[in-house]
Amino acid sequence: MADKDDDAYRVKRGLVETTEPDFERPLWRKPSFDGVVSLDDMDKALSEFLGTTRRKVGLNREQLAELLGISAQVYGRYERAESKLNVTRLVHLSEILGFAPIEMIYAAAPHLFGKTPKESENRIRLMRLMSRMRPEAVDSLLTLVGELSGDNEVSSGVS
């Protein structure tokens, strides 16, 4: 991409230049509702989500680590934001702890779900509600939403 194309893309996506302590060069990020959230703060939000979710399901660190096939020390690094999660570990954690991966992403980056905190909160609430719906209700809702949006692929079930 040429520089002019880079600028147009950045503007279109609402990206701003920022810096991070672990990066030598500037990088581009989408600001949250109160400015750019550091990657470290996002790691801390992911860690907090993990600890809270683990406690909600009634497991201690040792029990969860055993289910994950790792040591309690390794798992503890995730909850202390000392180790970064990869996507496969996120999927595995969601299988064991019973959350949708999107919920963990929302915990770290709610600004990706809407233009305002309220819009973002409403969207994640809607996703949670949909995940508990009967399959027939999901089909009906998908048809309705497709018709309301004018998206023929959605309303006809084509993907």
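Residues are numbered from 1 along each chain as its sequence is written, and side-chain values rest on heavy atoms, with hydrogens and water left out. In this predicted model, local features require a pLDDT of at least 70 and side-chain atom pairs count only at pLDDT 80 or more, while totals for chains, interfaces and linings use all residues.

The protein averages a pLDDT (the predictor's confidence in each residue, from 0 to 100) of 92, and 94% of the residues score at least 70. Helices are DSSP runs of H or I with at least four residues, and strands are runs of E with at least two, numbered from the N terminus. Where pLDDT is low, the predicted coordinates should not be read in detail.

Lysine 115 lies in the loop between α6 (101–108) and α7 (117–131). With a relative accessible area of 76%, lysine 115 is exposed; buried denotes under 20%, exposed over 50%, and partly exposed the range in between (1.4 Å probe, protein chains only).

Two further loop residues are partly exposed. Valine 37, in the loop between β2 (27–29) and α2 (39–57), has a relative accessibility of 24%. Its C-alpha atom is separated by 8.4 Å from that of alanine 109, 72 residues apart along the chain. Alanine 81, in the loop between α4 (72–79) and α5 (87–97), has a relative accessible area of 27%. Although not a glycine, alanine 81 has a positive phi of about 60 degrees.
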